[in-house]
Structure formats: C-alpha cells, structure tokens
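Open the model in your viewer and keep the selection panel at hand. The tour goes from strands to a helix, then to a loop and the open spaces.

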Amino acid sequence: MTENAGPGAAAADGGTGAHAGARTRTALRICPLCEATCGLTVTVTVAAADGGGGGRTGRERITAARGDRDDVFSRGYVCPKGALFGELDGDPHRLTRPLVRRGGELRETGWEEAFAAVAEGLGGVLADGDPRAVALFLGNPNVHTVAGALYPPLLLKALRTPNLFTASTLDQMPKHVACGLLYGDPLAIPVPDLDRTDHLLVVGANPVESNGSLCTAPDFPGRLRALRRRGGTLTVVDPRRTRTARLADRHVAVRPGGDALLLMAMVQVLFAEDLVGTGPAGAHLSGVADVARLAADFAPEAVAEACGVAPEEIRVLARELAAAERAAVYGRIGSTAVEFGTLASWLVDVLNALTGNLDRPGGAMFPLSATARPPRPGPGRGFATGRRRSRVSGHPEVKGEFPAAALAEEIDTPGGGRVRALVCVAGNPVLSAPDGARLERALAGLDFMVSVDPYLNETSRHAHVVLPPPRPSRSPHFDFSFNALAVRNQVRYTRPAIPLEEGERGEDEILARLVLCAAGAPGADPASVDAAVVRQTLAAAVADPRSPVHGRDPAELEGLLAGEGGAERRLDLMLRLGPHGDGFGADPDGLTLAGLLEHPHGIDLGPLRPRLPEVLRTPSGTVELCPEPIAADVARLRRSLADRRTGPGGLVLVGRRHLRSNNSWMHNLPGLRGGANRCTLHVHPDDAARIGLADGALARISGDGGAVEAPVEVTGAVRPGVVSLPHGWGHDRPGTRTPVASAEPGANVNRLLDGRLLDPLSGTAVLNGFPVEVAPADAPAGPPGTAGRPRVTHGTRHPADTSN
C-alpha cells in the first residue's frame with residue numbers, strides 16, 4: 001500500500017468529496033460483483049475528523065477504483081460496475097446493524113441480542129424434532145465471497161435438513177447435471193480456451209454485457225476482439241441481436257428455446273456427412289454410436305421450422321465447426337434456463353467431443369483451481385439425481401437441492417414436514433424466483449426467518465432477524481468457485497482494504513455463529529467452527545495413502561498453518577493440500593498462503609492443459625457421452641417438433657442482461673441507473689405494429705402466473721415473435737429500504753410465471769422462451785391464463801394454488 005497527502009489527495013478523490021487535509025492510500029481488491037473477478041486498485045480516503053487539523057481521523061472509505069494493471073489475470077480491465085465499487089461499498093442505504101422484529105416491526109439492535117433471537121427462533125422450530133421444518137436458501141452473491149463459499153455447507157449440515165434451495169435452479173443447474181452425467185462430477189465443467197481458439201460458437205450467452213458466466217474471463221469483450229484479430233471466427237446463436245452478436249461474424253437468430261433442436265441437428269449433420277473426429281479425447285469416450293442413433297431423427301429439415309433456422313444454415317454451422325483447427329462451443333443462460341436446458345447443455349459438450357475439441361488447447365478444457373482436490377485417477381461413483389423427493393410435488397433432488405420454484409409450496413402447504421423456518425443467505429427469491437407473490441405470502445406465514453443481507457429488500461423485509469454483512473471493502477476475497485471456471489490457471493487473494501469498524505462483525509463470524517445456532521450451541525466460540533473443519537480435514541489427509549501428508553501428525557500440521565483467523569487458516573490448508581500446493585513441505589516451490597501474500601497481484605499458473613482422464617468420476621472411467629437420463633429425455637425433445645408453443649399472439653419472452661446491472665442487487669446505486677439499463681419491453685417493429693404498441697407507451701404482458709406492465713422499446717434487436725424483459729426488477733414492495741431502486745421499480749418478469757414450468761432433468765425454472773400475451777396497457781384485459789401452454793413438470797403436478 002502507498003500513502004499520499006496534500007494535492008495528491010484531491011486528484012485521487014476523483015470528485016467524490018474528500019475535503020482538504022484528507023489522507024489517501026491505495027489498496028488492491030478483487031472485484032466481487034460478477035464472475036470476471038477483475039483486479040482493482042482502490043483509493044481509500046481517510047477524512048480528518050476535525051476538518052484537517054492533524055488530530056483524530058474519521059472513517060475510511062473507498063473514493064475511487066480502477067483496474068489493477070499488474071493483475072496477472074485481468075491486466076487492468078474494469079467494467080462500469082467495478083469502476084463504481086466505491087459507490088456500492090459506501091451505499092448509505094446498506095444496513096450496518098442487525099434488525100430484530102419486535103412488536104411487528106424490524107428494529108436495530110446489537111449483535112448479541114440478534115443472535116439470541118436467532119437461537120430462540122431456530123431452536124423453537126427444531127425442538128419439535130423434525131429438521132424438515134427448516135429450509136436453507138442460498139442466493140447468487142454467496143459464490144462471490146470467502147465466507148459464502150466456506151460456511152453454508154457447514155450450516156446445511158448443522159441444520160440436518162433436506163430442504164436446500166439455491167439460485168442454481170434459476171440459472172446454471174442444467175450444466176451441472178449434464179457434466180455430472182458426462183464426467184461423473186457436476187463441478188467438472190469445461191470452459192472455452194478463449195485465448196487459443198480459432199472458432200467460437202456462442203449459444204444463448206451475451207458475455208460482452210454479462211462479463212461471462214461459467215467461464216471466468218476478465219475482459220471477455222477484449223478476448224473476443226483478439227479472436228477476430230488473429231483471424232478466428234465468432235458465431236453467436238441468440239434470438240436477440242445483442243452486443244456480443246453485433247461483434248460476431250455470424251448471428252443466428254434462433255427461436256427461443258430452440259437451442260437443443262439446433263444443436264441436435266448439428267450433431268446429426270456431423271454423423272450424416274462423416275465429419276466426426278474425436279481427436280485425442282476419443283480414447284476416453286464411450287457412447288458415440290448411441291448419440292448417432294439419438295440424433296438420426298433430427299435432420300436440419302426436421303427441426304428448421306421449430307428452431308427458426310434454415311436447414312442449410314444449420315449445415316454450415318456444423319461444417320465450419322468440424323473444419324476449424326481449434327474450436328469451442330460455449331452455452332449459457334439462454335440455453336440453460338429453458339425447457340430443454342439440460343439437453344442443450346449436454347449437446348454443447350457433445351459437439352466439442354465429436355469435433356475433437358474436448359480437452360485440447362483452443363477447445364473446451366478443464367481448469368485446475370489452486371484449492372481443488374488433487375486429481376484422483378480412476379473410475380468413480382458417478383452422478384445421479386433423485387436420492388430423495390420434495391414433500392409436496394415429489395421433485396427429485398438434484399445436486400442436493402430442490403427447485404427454487406418449489407419453496408413457496410413447501411411453506412404454505414399444510415401437513416407433516418411443512419417448512420416453518422427459513423434461513424436465507426444473500427438471496428432475494430421474491431424477485432428472482434417464479435411466482436414471487438405466492439412466495440411473499442408464504443414468507444409472511446413462517447414461524448421464523450433469518451436473513452443474512454446488506455439490504456432490507458423484497459425478501460429480507462419478511463425476516464424476524466436480519467444480519468448485515470460488512471461492506472465489501474472490509475472483507476477478504478478469494479474466488480473458490482470461479483477459479484475452477486477460469487480460462488487461465490491462476491491464484492489471487494486480497495485481504496480487506498479497510499479494517500472492520502468497532503462493533504462490526506465479519507461475514508465469517510456471522511455465518512459461523514449461525515452454524516452454532518443451528519447446532520444448538522449458540523454460546524460457543526465461532527472460532528471453534530473453523531478449528532473443527534481444520535482438524536477433520538487434516539485427519540482425513542494423513543489417513544489417505546495418496547496424500548502428500550500421509551502418516552504425519554495432524555497436530556504438527558495444524559501448527560504450521562498461517563493466517564489471520566479461521567477462514568484464512570482454512571484457505572492456507574486448502575492451498576497447501578491442493579494440486580499446486582507445497583504439501584506442508586513436500587514441494588518447497590508449492591503454494592502456501594504466505595507465498596501468495598508475497599504476490600499481491602496474483603500468481604500465474606499457466607494456460608489450461610489437457611486433464612483427461614484425471615477429471616473423470618464415472619463408473620466406467622470414460623466420458624459417458626450418452627447417459628441414460630439424457631437419452632430418455634430426447635423423446636420429449638422429439639415431441640416438441642410437432643408442438644410449437646407460443647402465446648395467443650404468437651409471442652414468447654426472453655430475458656436480458658446489461659453491463660451496468662447484476663440480477664436484483666445493484667439497482668440501488670445511482671451511478672448504475674439510467675441509459676440503456678432500464679426495465680423496458682423490447683418488441684420487434686412488426687409485432688409492435690400488429691399489436692398496436694407505440695415506442696415509450698405502456699404494455700401489459702400476461703403469462704400463466706399473472707401480468708405486469710412495462711414501457712415499450714420498439715427495436716429490431718429482437719426477432720419477430722420475441723419480446724424481451726430484463727430479470728431482477730420489481731422494486732415496488734412496501735417496507736423495503738432501497739429508495740433508489742424503489743424510485744424506478746421496473747417490472748418483475750417472474751410474476752408472469754406460476755412456477756410449474758421446469759426443465760425436468762435439473763428442476764430449473766424456465767425463465768426464457770415461455771409464452772406471453774402482450775397488449776397496450778389500456779386495452780381490456782383478457783381472462784386469466786390466456787397465455788397458457790402445456791407445462792413440463794418435475795415430478796407430479798403442483799396442487800392448484802387457489803391463493804392467486
């Protein structure tokens with residue numbers, strides 16, 4: 001860190017209001033706001049409490065942020081969200097003290113009183129002896145913090161509940177299921193080797209605006225431009241002409257939800273035209289002939305009308321992919337949060353495998369995180385779903401979870417095992433999950449709810465206790481999840497840029513104390529939670545003949561761990577036992593926390609390298625290219641060829657990403673509002689003329705779950721028959737404390753959904769490609785359900801929800 005004073009302070013302030021006499025210093029920070037994980041250099045300003053007389057200093061705050069030019073991964077890149085890190089960190093509407101409901105109102109209180117209320121509330125529900133009475137919901141921001149990665153698994157174990165719900169079934173679960181079935185491990189997700197590929201086929205993704213997802217790549221736009229500069233080809237399959245599509249050589253405007261049909265037809269072309277070449281990975285593939293049989297019925301002519309892509313264009317896509325020297329197919333939420341999300345996710349990897357681009361440089365490769373478990377060659381137990389089923393609708397668990405769309409029914413449906421208490425960590429499912437109105441009513445009927453959240457938002461306002469984590473600048477950062485999805489192997493860690501203030505609690509302590517409350521030991525030292533994990537991990541390591549510490553004394557190893565607090569000691573442990581670690585001295589050049597701290601801009605571990613067969617955990621020890629659950633679901637895809645489902649006006653709705661937004665939790669920042677970041681309904685000019693919609697006028701959008709209104713934006717960026725409304729808006733509920741967001745609330749697209757339309761293999765809600773009816777807002781409303789369509793359900797049908 002460096003310190004500056006005098007004239008330099010004014011320059012560093014960047015116009016944010018630091019007065020004369022303020023001192024500044026710079027600190028490094030990994031941005032926690034999206035999956036790109038860019039390195040930041042932040043300016044910390046310390047204002048003199050007496051106006052600059054050299055006495056006591058006031059609060060430290062972030063007054064500027066820029067890209068860290070020396071970061072080994074991001075090399076100085078920063079997006080508008082990262083540049084406004086200081087505004088987010090200093091949002092005056094963030095909660096700074098716990099809230100406890102007393103007399104029907106949430107009131108500020110101290111931490112001890114808040115945890116006493118948690119212990120009492122959880123204990124009262126768990127005292128009945130049925131752990132099913134408690135549910136845990138984990139939101140997206142959990143994967144962006146150290147504590148959010150380390151403690152929720154311990155919390156779930158302490159609660160002993162089967163009722164886990166997360167944002168995964170609103171986003172990427174189909175990819176986990178597809179990879180689990182293909183490779184035996186749902187976390188073994190290959191990513192495009194962006195910096196070495198010659199041909200990139202992007203399906204349902206808009207990384208120029210999203211910054212990438214399930215593919216961690218700082219400056220994704222720059223990497224795509226570099227691909228073009230070196231003579232490579234970029235093809236984008238998307239019903240919208242996004243900023244990514246405008247950068248591409250070819251834009252294919254697929255019909256929403258038609259991705260699986262398009263990709264299956266490409267597979268059919270590869271076999272029909274003898275273009276299959278599996279390359280070096282072929283020795284590790286099984287089921288290739290079975291895939292050929294499944295694809296036989298999906299010739300381009302058979303799928304063209306249903307997916308909206310001409311037969312010859314499909315053939316060109318397949319031929320170019322096969323002919324490219326180094327190619328990769330990459331799919332994201334536009335191909336996952338759809339009716340055939342798991343099939344589309346599977347087909348992405350099938351195409352990579354059949355064209356020889358799986359596990360090869362320039363293709364789709366498996367990253368190796370510094371905190372991953374060391375490779376264990378040999379067959380494994382494989383991956384399966386349905387080890388248990390949800391109480392009400394019989395949804396099979398997937399990766400330990402039930403669909404987020406089923407949370408409301410588990411609360412409001414009477415009977416044994418009804419959810420009566422909810423622990424919600426960094427989640428806002430009232431806005432992010434389907435049928436938020438029903439979930440709101442359900443939350444209001446809980447016996448107890450505790451929410452860990454920096455804001456009093458649409459979900460946390462229903463809690464009995466709200467525990468606010470500190471501002472991001474006051475927390476450490478390490479990307480446990482995203483390093484396992486990075487397009488280059490590297491490792492970076494930043495300590496807090498600003499220390500906790502007196503009376504603040506770190507997120508690690510907050511979550512550790514929640515674990516203790518769930519375990520019935522609320523008075524225990526929160527450090528005991530981390531100490532127990534360290535002891536258990538070391539005990540298993542020294543007993544493992546394949547471990548570098550086999551046979552050593554765990555107490556001796558525990559004494560060698562470094563770190564300020566339990567979370568850092570756990571990080572040191574994971575680094576030392578990881579694939580690049582020192583093995584507690586076994587490799588003097590290996591990673592340790594101490595060594596990482598000596599490299600504040602990170603350590604580059606090199607480009608991705610081939611990892612088959614070490615990543616495989618299937619019973620056969622091969623990439624099982626045609627797993628039985630997938631093969632069975634192809635029959636449903638085949639039936640869809642004769643069932644083009646749209647609303648009465650022939651319209652289907654898709655979501656929309658924006659570079660200056662991130663789901664529901666960044667709309668309270670003035671600097672990220674306005675411009676193109678607005679909640680408008682994109683409508684093609686032909687559809688607008690047919691329906692009678694004028695640019696800027698209000699439209700009413702109706703779906704199976706209800707109706708919303710939004711201003712119209714007439715644009716040729718969407719194909720005819722498609723309308724687009726962004727996700728995460730709807731800040732119109734009373735009782736929240738996000739006044740900037742509430743001033744321009746927008747429309748919550750998930751109010752259009754009743755929660756019954758799911759991808760059956762993953763339990764993921766269909767948030768893209770569902771039918772809607774659109775009319776001028778002043779037109780007479782049609783009868784409820786006029787936008788209805790046959791529903792794909794997961795398990796049995798939900799009982800009728802008569803409360804709507």
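Two strands pair if DSSP finds at least two bridges between them. Strands (E, at least two residues) and helices (H or I, at least four) are DSSP runs, numbered from the N terminus. This is a predicted model: local features need pLDDT of at least 70, side-chain atom pairs count only at pLDDT 80 or more, and totals for chains, interfaces and linings use all residues. Residues are numbered from 1 along each chain as its sequence is written, and side-chain values use heavy atoms, with hydrogens and water left out.

**Strand 16**

Select residues 421-425. Strand 16 pairs with strand 17 (residues 448-452) in the parallel sense, over five bridges. Leu422 has Met449 as its bridge partner there.

Colour by burial (buried is under 20% relative accessible area, exposed over 50%, partly exposed in between; 1.4 Å probe, protein chains only). Five of the five residues of strand 16 are buried, so the strand is largely enclosed by the rest of the structure. Ala421, Val423 and Val425 cover one side, Leu422 and Cys424 the other.

**Helix 14**

Go to residues 311-323. Helix 14 has 13 residues and reaches 18 Å from first C-alpha to last, close to the 18 Å expected at 1.5 Å a residue. That expected span is 1.5 Å times one less than the number of residues. Ile314, Arg315, Leu317, Ala318 and Leu321 are buried.

**Arg373**

Find Arg373 in the loop between strand 15 (364-365) and helix 17 (407-412). Arg373 is exposed, at 79% relative accessibility. Show Leu577 too: 204 residues apart along the chain, the two C-alpha atoms are separated by 7.6 Å.

**Second largest pocket**

A pocket is an open set of points on a 1 Å grid over the protein atoms alone, where a 1.4 Å probe fits, with protein on both sides within 12 Å along at least five of seven lines; lining residues have an atom within 4 Å of a point. Grid points are joined across faces, edges and corners, and a volume is the space filled by probe spheres set on the points. The second largest pocket holds about 590 Å³. Of its 30 lining residues, Pro476, Asp508, Glu564, Gly565 and Ala567 are the closest to its centre. Finish on helix 23, which gives the largest share of the lining, five residues.
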